[in-house]
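Open the model in your viewer and keep the selection panel at hand. This tour tells you what to select next and what is there.

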Amino acid sequence: MQANGKAIAAARPRVVAALAARLRDLDLAEDAFADAAAAALSVWPQQAPRDPAAWLWKAAFRRALDARRRAAVRQRAVLDAPEPEPTPEEALLAADEPIPDERLKLIFVCCHPAIALDARAALTLKVVCGLSTERLARAFLVAEPAMLQRITRAKRKIAGAGVPFEVPQPSAWPERMEAVLATLEIAYAQAYEDAALAGDAAGFAPEVLRLSGLLAELVPDDPEVLGLAALVRFAEARRPARLDDLGAMVPPHEQDMALWRRDLMAEGAALMARAARIGRSGPRQILAAIHGAHLSRRETGETPWADIAGLYDVLLAVRPTPVTAVNRAVAVGEAFGAERGLAALGEVDAERLQSWLPWHAARAGLAEKAGLRVEAVEALEAALNLGPPPAERLFLERRLRALAH
Amino acid sequence: MQYMLLIYEPEDAYADEAGQTALTDIVQKHMALAGELREKGQMLAGDGLQGIETATTIVTSGGQQTVHDGPFAETREQLGGYYLIDVAHLDEALAVARRVPVIDGGKVEVRPVMTY
């Protein structure tokens with residue numbers, strides 16, 4: 001049963017993309033796939049398909065055409081004798097036809113810059129990966145009706161504004177690919193934060209892992225695409241070690257390396273090697289290199305903080321955000337001492353960061369390292385006042401207790 | 001698909017001398033773009049509009065119609081012209097919209113035309 005569910009999830013991007021390309025209708029494609037998947041779950045246990053994706057494609061396409069025919073009949077109010085409804089078994093017997101690979105087009109449609117940025121990631125996860133609106137609402141911290149509205153509005157824009165189901169022209173490629181990468185990065189940032197509190201059940205990190213790998217397969221010559229896939233793999237490799245037995249967050253340099261996933265580390269390293277051969281750097285590759293540097297502790301026994309600080313210098317040049325600057329200050333503090341870390345932190349525009357937990361955590365860590373107990377306690381309390389999720393709360397409370405003694 | 005490209009520019013953009021110089025250049029670019037679109041069979045219509053000091057607005061409210069001097073809204077950017085084009089899809093419309101010449105601060109809104 002679970003194996004069937006997995007086969008359906010694995011087939012989904014290809015089948016929904018092919019349906020959407022053929023039907024030019026995202027809703028119809030999604031509905032038809034859902035119908036076919038439901039039929040598969042009841043039929044497959046008795047009669048396992050040779051090729052699950054082909055089975056789903058045929059069953060869903062027949063269902064979609066049928067739905068369209070019925071809608072057309074309703075509209076004309078003419079009662080033609082309906083064709084007998086095709087069964088999935090018939091679909092299985094239909095002539096073999098390869099499923100056209102339209103996955104990249106579907107990703108470009110869902111990540112089109114004409115769609116609101118906050119809707120793109122959710123729409124991509126919904127349409128390409130099949131995540132439910134309810135789960136997306138939870139992950140993106142909005143109410144379910146709001147998420148539904150966001151997705152509905154995005155779909156209406158796609159249909160109404162004439163967003164093409166095409167891979168963009170070479171001249172538009174850089175901008176469009178940047179929109180795709182930004183979308184997946186947002187989705188992953190969400191999944192990464194989500195994981196610490198929800199364990200392996202509620203997050204959608206596996207979907208982003210699959211999606212980034214799919215993109216690397218479809219666009220193998222863009223180093224930033226490879227960098228993003230590597231970044232997600234490196235970060236996910238540490239997931240089993242991110243919480244301790246009590247459910248408290250564990251920072252990367254204190255994690256139990258035996259728990260890190262070697263399969264994902266190897267995949268990430270291979271992707272990075274391919275990206276390096278192309279020889280064009282970018283922010284995702286730099287971020288992946290930072291994650292990779294943390295993982296190198298497994299070989300050397302030590303976190304290479306000076307290297308990490310250097311990588312953050314490079315990242316800050318291409319992505320000069322307060323978030324980068326705070327992370328850089330932490331690495332500088334670890335590599336060159338708390339005073340220099342605090343000095344780096346002092347250069348950050350703190351105004352916008354007051355409600356951002358890592359800012360206070362970084363302040364606390366550096367102040368504690370510098371022996372500034374009062375400042376450290378103040379920063380930890382400010383962090384706790386933001387109402388962090390359980391894993392972070394446990395971690396911060398533990399540090400606050402340690403400072404009190 | 002048909003798209004209307006609505007050109008919004010700061011109303012006072014062409015008021016000074018620098019604006020007048022820019023205007024000559026922008027008008028030339030409009031002519032070139034319109035000519036090219038016509039040649040491709042993509043141009044359905046397109047015009048520049050006279051300034052908002054020439055605008056008159058009719059307001060319908062509560063079954064009554066009144067005539068007002070001026071544009072419907074007193075905003076910094078005003079509708080100054082439009083193109084009505086026929087292209088395959090949004091990406092082509094956006095590509096044309098990018099080439100519509102505007103003065104700094106100008107905006108081009110792309111709206112699909114309803115089909116019945």
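Start by selecting Gln65(B). Gln65(B) sits in strand S4 of chain B. Show its contacts next. Neighbours within four places in sequence aside, Gln65(B) is in contact with Ile58(B), Val59(B) and Thr60(B). Contact here means that the two C-beta atoms, placed from the backbone, lie within 7 Å.

A word on what you are viewing. This is a predicted model, in which local features need pLDDT of at least 70 and side-chain atom pairs count only at pLDDT 80 or more, while totals for chains, interfaces and linings use all residues. Residues are numbered from 1 along each chain as its sequence is written, and chains are lettered from A and ligands numbered from 1 in the order in which they are written.

**Chain B, overall**

Chain B averages 93, and 100% of its residues score at least 70. Where is confidence lowest in chain B, and where is it highest? Strand S4 (residues 64–69) has the lowest mean, 92, and strand S6 (residues 107–112) the highest, 97. For the complex, the predictor gives an ipTM of 0.84 and a pTM of 0.82.

Switch to cartoon. Chain B has 2 helices and 6 strands. From the N terminus, its elements run β-α-β-β-β-β-α-β. Its C-alpha atoms fill a box of roughly 45 × 45 × 20 Å along the principal axes. Of its 116 residues, 16% count as buried. Among its contacts between residues at least 6 apart in sequence, 72% join residues at least 24 apart.

**Arg111(B)**

Now select Arg111(B), in strand S6 of chain B. Arg111(B) is partly exposed, with 14 other C-beta atoms within 10 Å. Beyond its neighbours within four places in sequence, Arg111(B) is in contact with Tyr3(B), Met4(B) and Leu6(B).

**Chain A and helix H1**

Move to chain A. Here there are 20 helices and 0 strands. The C-alpha atoms of chain A fill a box of roughly 85 × 40 × 40 Å along the principal axes. Of its 405 residues, 41% count as buried.

Select helix H1 of chain A, residues 2–23. Its 22 residues should span 32 Å at 1.5 Å a residue, and its end C-alpha atoms are 30 Å apart, which agrees. The expected span is 1.5 Å times one less than the number of residues. Look for the kink of about 50° at Arg12(A), shortly before Pro13(A). The bend is the angle between axes fitted to the seven residues ending there and the seven starting there. Buried residues in H1(A) include Ala7(A), Ile8(A), Ala11(A) and Arg12(A).

Step on to Arg24(A), in the loop between H1 and helix H2 (26–43) of chain A. Its phi is positive, about 55°, although Arg24(A) is not a glycine. Most residues other than glycine have a negative phi. Arg24(A) is partly exposed, with 13 other C-beta atoms within 10 Å.

**The largest nonpolar core**

Which residues touch the most other members of the largest nonpolar core? Select Leu19(A), Leu56(A) and Ala60(A); the core has 126 residues. A nonpolar core is a set of buried Ala, Val, Leu, Ile, Met, Phe, Trp, Tyr and Cys residues joined through C-beta atoms within 7 Å. Helix H11 (residues 223–237) of chain A gives the largest share of this core, 10 residues. Domain 1 (2–101) and domain 2 (321–405) of chain A both give residues to this core, so the core lies between them. The domain bounds come from an automatic or database domain assignment.

Zoom in on Leu56(A). Residues up to four places away aside, Leu56(A) touches Ile8(A), Ala11(A), Val15(A), Phe33(A), Ala36(A), Ala37(A) and Ala40(A).

Finish on H11(A). 15 of its 15 residues are buried, so H11(A) is largely enclosed by the rest of the structure. Its 15 residues should span 21 Å, and its end C-alpha atoms are 21 Å apart, which agrees.

Methods: Helices (H or I, at least four residues) and strands (E, at least two) are DSSP runs, numbered from the N terminus. A residue is buried if 20 or more other C-beta atoms lie within 10 Å of its own, exposed if 12 or fewer, and partly exposed in between; C-beta atoms are placed from the backbone. pLDDT is the predictor's confidence in each residue, from 0 to 100.
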